[in-house]
Amino acid sequence: MTKRFPEGFLWGTATSSFQVEMGRGSPSKDSDWWAWVHDDENIRRKIVSGDTPEDGPGSWELYEEDFRLAKKELGNNAIRISIDWARIFPNPTTGVEVEVTRDEHGDVSHVEVNEGGLRELQGLTDPEAVEGYREILQEAKRRELTVMLTLYHWPIPSWLHDPIACRDDVDSAPLRGWLDQRTIVEFAKYTAYAARAFGDLVDLYATINEARIVGQHGYLSDPPEFPPGLYSPEHFMTVLHHLSIAHVVSYDQVKRWDSTSTSDLGPATVGVVCVLQYFDPADPGNPRDVEAARFVEYLYNEWFLNSITKGDFDVNLDGTIEPHEQRPHMVRGCDFIGVNYYTRWLVKHAVKGGDPRFDYALGPGGGELTDSNWDVYPPGLRHVLNWAYDRYRRPIYVTENGITDSKDERRVGYLLDHLGQLHAAIEDGVPVLGYFHWSLMDNFEWSDGYKMRFGLYNVDRETKERTPTKAVPVYREIASSNTLPE
Ligand code: NOJ
């Protein structure tokens, strides 16, 4: 039976600014991630690959070609891109006065930016960056691509986070990124500005990309991986908590300052992007593995979404929401949930020597492994889509899904199998409204650099030429017919 997707289904690809922009035009050097991947000690200790983003695909200048490929060659009707906070605001916005409300826990609960503040913010931008993003977004619109814009896809300005100082001594570091609620306030200013400056060219906003990964890989990672390379369950929880608040205040700003954009879901549609994974105990017969898997699923898939959609801030992580953990005043909204799905993980009890609940290790499942050693497990996609809808009752976009496959042997199968599962989820009753493949082209895979190739197009690092993989005609056929082949 031919599997048709619903009318108006969005077919797209996803990228992020730091991963694809550089390589042509001016590099964006004023972020924590820039510092992290250029740091000699990180390179020497192999925390990062030694590859650098300035060798990237160059989309800062080559975006016309990218959107041509998306529209003409892939038959897509949508694109997910991000803007780079540090490129837009290379200098501090801390001097711009706003009204900050805190709740009885001392947490930021609202940030009021006014017209005067927005004018001041305008004066602090790099005009070339703002103009560049407007041109990029205009081109996407000219190609009639529905634009999903991610506001925070990981780099934060250097004036807010010094990841090297934090790595070396987090307690005395002055610029502590998401550990510090000042970052939430500055994020509110940045998103207010972005909503005003780009709203006429955006269809859907995603506030934050994969809050949990920012926390897990930055603050719960041993060996270190992402900035600032710490292992501390306590810091991990602080960051997750602060990123929840960041979503809330950012949601407010977009609703307030974007008076033009609209989507089928209403005016100024704002969602969030979460990575949801399928977790199984490594040994289902071992109660400690079973317990660890349950904890990891709660912590990694559920905690953040519970906080932003229900106001349940389970600070002590016991799975029960006590009165002081109920924060209904923090529920503003989340118009859709973006689901990134790649793989399944097996969870094993493993002593770490701190909070015993964090005594676990993750390993790949038993299936075929990708170049990243991730297990290919398509049924997990249907599972997480049902899981997310059953719990949160929001429309869903699959905002990322893809495979590292340098030999170009398995991407086609991966794509077809996952889309089959996505279609099954729609038949189960889950309102999935679109699919964005990660990624349009090979790009800078964070600490791993360029060896992990997620692209539907391979990119020559010298010439920047984009060459199609075997999945291109397959994806074109699916997207342009809105059906999956038998
Ligand atoms: C999720 C992230 O959003 C993206 O930046 C990354 O490249 C892919 N996963 C693949 O790891």
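Let's start with a pair of strands: β4 (residues 99-102) and β5 (residues 108-112) run antiparallel and are joined by four bridges. Helices (H or I, at least four residues) and strands (E, at least two) are DSSP runs, numbered from the N terminus, and two strands pair if DSSP finds at least two bridges between them. E99 has E112 in β5 as its bridge partner. Five residues sit between β4 and β5 in this hairpin, and G106 in the turn shows a positive phi of about 85 degrees.

A quick word on what you're looking at. This is a predicted model, where local features need pLDDT of at least 70, side-chain atom pairs count only at pLDDT 80 or more, and totals for chains, interfaces and linings use all residues. Residues are numbered from 1 along each chain as its sequence is written.

Now for the barrel. Eight strands with parallel pairing close it up, in the order β2-β3-β6-β7-β10-β12-β15-β16. On average, neighbouring strands of this sheet are turned by 25 degrees against each other, direction ignored (axes are lines fitted to C-alpha atoms, for helices over the stretch in contact, and angles run from 0 to 180 degrees between N-to-C directions).

Zoom in on β12 (residues 337-340) and β15 (residues 396-400), which pair in the parallel sense over four bridges. Here I337 is partnered with I396 in β15. Helix α14 (residues 411-428) packs on the sheet, touching β15 and β16 (432-438), and its direction makes about 165 degrees with that of β16; contact takes C-beta atoms, placed from the backbone, within 7 Å.

Finally, the ligand: around it are S16, Q19, N209, E210, N340, E400, W438, E445 and F454, each with its C-beta atom, placed from the backbone, within 6 Å.

Key: Two residues are in contact if their C-beta atoms, placed from the backbone, lie within 7 Å.
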